[in-house]
Amino acid sequence: SDGIQSHTKTLWSLLKQYKIPTVIFVNKMDMEGADKNNVLTSIKNNLTNSAFPFSPNKLDEESYENIASIDENLMNIFLESATIDNELIANAFFNRQFFPVLFGSALKFDGIENLLDCIKFFSSNCMPGSDDMPTDINTDLPSGIVCKISHDENGKRLSFIKLTNGVIKTKSLFGNSDEKINEIRIYNGEKYTIIQEAFPGDIICIPGLTSTYAGQTFGNAKLNNTNILSPSLSYAVIFDSNITDRNKILAILKELEEEDPSLNVDYSEDTKEIYVSLMGDIQTEVLKRRLKDKYNLELSFGQGKIIYKETIDNTSIGVGHFEPLRHYAEVQLKMEPLDRGSGLKFSTEVSEDYLDKNWQRLILTHLKEHVHKGVLLGFPITDIHFTLVAGK
């Protein structure tokens, strides 16, 4: 009854980015105030104009007219034969030319059969093709993506990894790091089995790695830009009067941040407040529930405030020094503005003869790990290319 919400728009943008064919199922149509026409209008205004009701078991003239309206070739076919082949309809769906809209109430199984029939119709009439693997990929190099970070019941850090190329074995080093793989697990629910080696396509868990993070790639694996997932609201953590150890709360939130980096947990030295980044009320309630279930901790959050971002408009060079007792370090960075929506990029142009590769990798890793604040209002920076140009 409230129409399209912000989290639906976020998911829609993500589906568009990855070019995923999409069926829209409008749930809870049994609620008072639910109106098909209003919802359909909201979908057309906020998501796509190429969305309309669809039922594979009731393909009539109106259905064919809707499908024909999206493509000139389909229109010509419809005008000539007053129908459109199922294969052509499925092709149009897989090419994201139109988006079927289905209505129902999942709790009452209303509309579910039509949803399953719809999926069956598209999958049986067309299978989307896949691109050939590029010829310059080294398929022997262990490669993959860190899908998520979590912790087991004993607090041990778990890295879940999708292996795309090569073979990973126990007692070998993980990726380009110096961390050794002591155990490889295959999970089934909460239970797991231990294996000695993993192969492409396996989703594995490696306990004990400390430097991994969600979305990290290694070897020749690549991951598309995921800035679209960044939350847009910042919430201050509100403490009950019986909570005295704020450092403990910060540590708990930091642990959850490892599992979901988008939380962007931040502590303000000026206000002595802890802030988290969330997408809205739904995610806020989920976080409250997790804190209660996992840590028996009840926290509340203030009013969400929009997270703006800062950037630069000219190339600049920055130098940082670190001088504790008997030690000295210096890092020199070049910062260049990027096109809007590019996010942050990191590279190096320093010779390994001048600065060891391990030091360079350490600098770039820490640059990627932290949320850097701008100098205007203290908001996170974006659309900047950092290049390491010197260090000692």
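Here is a short tour of cores and cysteines.

Before clicking, note that this is a predicted model, where local features need pLDDT of at least 70, side-chain atom pairs count only at pLDDT 80 or more, and totals for chains, interfaces and linings use all residues. Residues are numbered from 1 along each chain as its sequence is written, and side-chain values use heavy atoms, leaving out hydrogens and water.

**Stop one: the largest core.** Select V237, L253, V276, L287 and L291, the residues with the most contacts inside the largest nonpolar core, which has 19 residues. (Such a core is a set of buried Ala, Val, Leu, Ile, Met, Phe, Trp, Tyr and Cys residues joined through side-chain atoms within 4.5 Å; buried means under 20% relative accessible area, exposed over 50%, partly exposed in between, with a 1.4 Å probe and protein chains only.) Now color β12 (233-238), α7 (246-259), β14 (273-278) and α8 (281-295), since each of them supplies at least two residues of this core. The largest share, five residues, comes from α7. (Helices, H or I of at least four residues, and strands, E of at least two, are DSSP runs numbered from the N terminus.)

**Stop two: another core.** Next, pick F52, F54, Y64 and I67, which are among the 18 residues of another core, lying apart from that one.

**Stop three: the cysteines.** How many disulfides does a search of the whole structure find? It finds zero, a disulfide being a pair of cysteine sulfur atoms within 2.5 Å. Show C147 and C205: the sulfur of C147 has its closest cysteine sulfur in C205, 11 Å away, so they are too far for a bond. C147 is partly exposed at 42% relative accessibility, whereas C205 is buried at 0%.
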